[in-house]
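Subject: The structure we talked about

Hi,

Here is the structure I promised to pass on. Have a look at it first, and my notes follow below.

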Amino acid sequence: MLSVKQLSKEMDGRPTLRDISFEVGRSSIIGLLGRNGAGKTTLLRTITGILDPEDGCVEFEGKDVHRTPECRHNFVYVPDSTEVFVGYTPDEWARFYAAIYPNFDMEYYKHLMERFDLPRQKKVKHFSKGMKALTAMVVAFSTRASLILLDEPTNGLDPIVKKQVLAYLVEEVAESGTSLIISSHHLEEIERIADTVIWLKEGRIEEVTVLERLKDTLHKLQVVFKDEAPSHLFNRSNVKVISKVGRVYTVLIEEEGTDTLRLFEEEDPLLFEAMPIRLEDLFDFKLGGERHV
Ligand SMILES: Nc1ncnc2c1ncn2[C@@H]1O[C@H](COP(=O)(O)OP(=O)(O)OP(=O)(O)O)[C@@H](O)[C@H]1O
């Protein structure tokens, strides 16, 4: 559906996105993770056509988004701040979007506003942060666009609203076939809802992870050896010790098969226990575990 091809973008003369390529299919949720300043917002804004790239292109169903403005009816960018609309009521906001997006579904908008118990005729400036975020999402989904790009949608939301928002996003994708690109700093949220994660570092794609395949390619185990830990195992490039408490090592092993796991077993350890793998473990393995994404 959407192809991002070798996209590069400068901001203030500084390279901000470098050679970014990836594809987005239908009904998929892509998590965009990266530290502050990694280029997530710039990437979302360039994909939607708000910013022009220096190099490369974005194609929607084969059409260049930046050269075919009507393409933009197929996607909506939801920024992390709704300040632009605070002086309006949600109904005014919806009418504004309806004038831009030809498929805007006013009935669906009303239905969602009622479902989330959001007042339609009260000025947005009187809304709580959670209400503003939900309204922005309701208006965006009511456009019936094929792709919705959400910039840190759960920022500042309390855990209950956050849960509500995440559940709603998954439901929308399942029911309407819409795809989402969600930028976030929260690994655990993205892990819960995304099918693919793009790790952005200093404007480049560091890694693309298909979450379904994660458990087939990364193993985590706790292991205790009778004597000294065998260094020939720990020195392998696909093995990383993430913690050592007393004699208990927690180890990550990256491989498709089980050859290295078998080498561990052959040492006849006192404890050899497989642990469930999390997105955070991959983050530890690949990116050195810097916590702030
Ligand atoms: N309007 C702008 N003018 C100049 N530089 C900018 C502008 N917007 C972003 N940048 C720069 O581009 C780089 C990427 O910023 P961007 O906001 O895309 O990162 P981000 O990953 O979304 O960060 P955060 O997680 O903090 O929101 C940063 O170095 C930032 O200073």
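Let me start with helices H2 and H4, which are roughly parallel to each other, because angles under 35 degrees count as roughly parallel and their axes cross at roughly 30 degrees. Please keep in mind throughout that this is a predicted model.

Helix H2 covers residues 90-100, and its axis comes within 10 Å of that of H4. The crossing is right-handed. On the H2 side, the residues that meet H4 are Pro90, Trp93, Ala94 and Tyr97, and their counterparts in H4 are Thr135, Val139 and Ser142. Sorted by class, this contact has 5 nonpolar and 2 polar residues, with no charged ones.

H4 also has contacts with two further helices.

One of these is helix H3 (residues 106-115), whose axis comes within 9 Å of the axis of H4 (residues 129-142). Here the crossing angle is roughly 155 degrees, so H3 and H4 are roughly antiparallel to each other. H3 passes H4 in a right-handed crossing. Tyr108, Tyr109, Leu112 and Met113 of H3 make the contact with Val138, Val139, Phe141 and Ser142 of H4. These residues divide into 7 nonpolar and 1 polar, and none is charged. If you click on Val139, you will find it in the contact of H4 with H3 and again in the contact of H4 with H2. Ser142 is likewise listed both for the contact with H3 and for the one with H2.

The other is helix H5 (residues 159-176), which packs with H4 at an angle of about 10 degrees, the axes being 11 Å apart. H4 and H5 are therefore roughly parallel to each other. From H4, the residues that take part are Gly130, Ala133, Leu134, Met137 and Phe141, and they meet Val161, Val165 and Glu172 of H5. By class, this contact has 6 nonpolar residues, 1 polar and 1 charged. Phe141 belongs to this contact and also to the one with H3.

Which residues are around it? They are Met11, Asp12, Thr16, Gly34, Asn36, Gly37, Ala38, Gly39, Lys40, Thr41 and Thr42. Helix H1 (residues 40-47) gives the largest share of this shell, with 3 residues. The classes here are 7 polar, 2 nonpolar and 2 charged.

Strand E1 (residues 2-11) runs antiparallel to strand E2 (residues 14-24), and 7 bridges join them. Met11 has Arg14 in E2 as its bridge partner. The hairpin has 2 residues between the strands, and Asp12 takes a positive phi near 55 degrees there.

Finally, there is an open sheet of 4 strands, in the order E12-E13-E11-E14, with antiparallel pairing. At its edges are strand E12 (239-245) and strand E14 (271-275), each of which pairs on one side only. From one strand to the next, the twist averages 25 degrees. Within this sheet, strand E11 (residues 218-224) pairs with strand E13 (residues 248-254) over 6 bridges in the antiparallel sense. To find your bearings there, look for Leu218, which stands opposite Glu254 in E13.

Happy to go through any of this with you.

Best wishes

How values were computed: Residues numbered from 1 in each chain as written. Predicted model: local features only at pLDDT ≥ 70, side-chain atom pairs only at ≥ 80, totals over all residues. Pairing = 2+ DSSP bridges. Axes fitted to C-alpha atoms, helices over the stretch in contact; angles between N-to-C directions. Near = placed C-beta within 6 Å. Nonpolar A, V, L, I, M, F, W, Y, C, P; charged D, E, K, R; others polar. Parallel < 35°, antiparallel > 145°, perpendicular 65-115°, else oblique. Left-handed = near helix turned anticlockwise from the far one by under 90°. Contact = placed C-beta atoms within 7 Å.
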